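Dear colleague,

I am handing over the structure we spoke about, with the sequence alongside it. Please open it first, and then read the notes below with the model in view.

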Amino acid sequence: MKLLVAYLVSSSLFGTAFCALDAWQQIFGQAWSAYVVDNSTGTQSQLQVQANAWLPGNLTRYGNWTPAFGPVVYKANATSSDFTADNVWFGSFNPTLVYKDGTWPTYVVSIAGTELAPDDIFEDANVDWVVPLNDWAASGQIAHCWTPTQNPIISNPYLSNGTACASSIVSTVTSVLALKQPGVTLVKWLQVIIANANAAKAPIRIIFTGHSLGGGLAISVSFILSQMKLIAPSSYVDIRVYPIAAPSVGNDAYNSIFSSTFKATNANSPPYSSWNLNVAHDQDIVPMAWCALGNGGTCLQGRNLDNMVFMYDAIQNGLAGFTTSFVAGLILLSAPSNLNYGTSPINLVTGIAPNPSPTTSVEWLDAAWNEHVEGYCLLFFGTPTC
């Protein structure tokens, strides 16, 4: 990811607009724009200033988009110049986005995926503890990272602790240096635009999106805000979720409530034309986490950790030992939670397998990374760069 973003920033491609993009492609472009400081290191303030400078021009590459909230750059150690940001998120606006069901003024909440920073890794890997969502929602305390457990009641909804804590951060952390809405939380901004739309009887569409960890957070943030009744659709406010390449970070009960709250639709053509489903291609291993066969969760369409063993012709190329150990480590990481992780509602599309297939462990990991990054640029734009 860092090399890809570095290339985009330094090359003439950065700032060059894509032409005639459909609504889903434009929204994917918003999700990708959340990686705006991915290749940079600095203090939280330094990265915030950089994000403010880069974001507006990058958004216009994908259509008639302007910043409406943020960006907000968060580092757990705000004064450290080591590493990049832990989280980045922003809101953007397009007054006339054309969909299959008409033209809608559209607000998009975009959340960055893994930035390879310390707290960000915690958010990904802290799947050994889980948060009881019924208790957290009943508390109404979105700003509080709720007490996790390793003794879940399986019939109740749970979310991995790392994702829950990140959801709280994204919902409530502010930046006084933000380009738009400085010092305002994401929750407050959303409540204001929803209230304004309802008062004016002027229809709007709000979409939560992100890639990778950001896709998981698009699901969890929209879920917990709706469960706490902090945001709600209405006759004038349509709320949708467009996660991309997200891992599955909750159990079947969590996925079921999400699906009943955000009804899935899938037009099938183009293949990524769904709503409220995790858009994933079948060569990406990230959406295989964290469901595991035999743990009691529902693993949809082969998206489970166990099937990683066979990816990219690993067995045929003598890599079974490596992939088996790799998968065993991931299963061991999530096992202490005692949660039956299930696959998020998914729109699984066909990807392009690595050719030639990897023959070493390093090549296998490189192939997995490229499928998770370049594979989606190919899916949405037909090019390995976004």
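In this predicted model, strands E2 and E3 are joined by a hairpin that passes through two residues. The two strands, E2 covering residues 87-99 and E3 covering residues 102-111, run antiparallel and are held together by nine bridges, and within this pairing Trp-89 stands opposite Ile-111 of E3. Strand E3 also pairs with strand E6 (residues 204-211), this time in parallel and through six bridges, with Ser-110 placed opposite Thr-209 in E6. Seven of the 10 residues of E3 are buried, so the strand is largely enclosed by the rest of the structure.

As for the protein as a whole, its secondary structure comes to 11 helices and 13 strands, and its C-alpha atoms fill a box of roughly 60 × 50 × 45 Å along the principal axes. The radius of gyration is 20 Å, which agrees with the value near 21 Å that a compact globule of 386 residues would have. Buried residues make up 56% of the 386 residues, and of the contacts with a separation of 6 or more, 75% are between residues 24 or more positions apart.

The largest nonpolar core has 68 residues, and those with the most contacts inside it are Trp-89, Trp-136, Leu-186, Trp-189, Leu-190, Ile-206 and Phe-208. Helix H8 (residues 213-227) gives the largest share of this core, with eight residues. Apart from this core lies another, of 43 residues, which includes Phe-28, Tyr-35, Tyr-376 and Leu-379. In soluble globular proteins, nonpolar side chains tend to be buried together.

Helix H10 (residues 320-334) has 15 residues and spans 21 Å from its first C-alpha to its last, close to the 21 Å expected at 1.5 Å a residue. Its buried residues are Thr-323, Val-327, Leu-330 and Ser-334, and because they cover an arc of only 55 degrees around the axis, they lie on the same side of H10. An α-helix has 3.6 residues a turn, so residues three or four places apart point the same way. The face turned away from the buried side of H10 carries the exposed residues Gly-321, Ser-325 and Leu-332, while what covers the buried residues includes strand E12 (341-342) and helix H11 (361-381).

Ser-334, which lies in H10, counts as buried at 8% relative accessibility, and, leaving aside neighbours within four places in sequence, Ser-334 is in contact with Val-127, Asp-128, Trp-290 and Tyr-341. Met-308 lies in the loop between strand E11 (278-281) and H10 and is buried, with a relative accessible area of 3%. With neighbours within four places again left aside, the contacts of Met-308 are Ile-285, Met-288, Ala-289, Thr-323, Phe-326, Val-327, Leu-330 and Trp-364.

Finally, which parts of the backbone deserve a second look? Most residues other than glycine have a negative phi, and most peptide bonds are trans. Against that background, a cis peptide bond joins Ser-269 and Pro-270, with omega about -5 degrees, and Pro-270 is placed in the loop between strand E9 (265-266) and strand E10 (274-275). Another cis peptide bond joins Asn-355 and Pro-356, with omega about 5 degrees, and Pro-356 is found in the loop between strand E13 (346-349) and H11. Gln-181, in the loop between helix H6 (161-172) and helix H7 (186-200), has a positive phi near 55 degrees and is partly exposed, with a relative accessible area of 35%. Asn-276, in the loop between E10 and E11, likewise has a positive phi, of about 60 degrees, but Asn-276 is buried, with a relative accessible area of 5%.

With kind regards

Notes. Residues are numbered from 1 along each chain as its sequence is written. This is a predicted model: local features need pLDDT of at least 70, side-chain atom pairs count only at pLDDT 80 or more; totals for chains, interfaces and linings use all residues. Side-chain values use heavy atoms; hydrogens and water are left out. Buried means under 20% relative accessible area, exposed over 50%, partly exposed in between (1.4 Å probe, protein chains only). Helices (H or I, at least four residues) and strands (E, at least two) are DSSP runs, numbered from the N terminus. Two strands pair if DSSP finds at least two bridges between them. The expected span of a helix is 1.5 Å times one less than its number of residues. The arc is that of the directions from the helix axis to the C-beta atoms. Contact means heavy atoms within 4.5 Å. A nonpolar core is a set of buried Ala, Val, Leu, Ile, Met, Phe, Trp, Tyr and Cys residues joined through side-chain atoms within 4.5 Å. The radius of gyration is taken over C-alpha atoms; the globule rule is 2.2 Å times the number of residues to the power 0.38.
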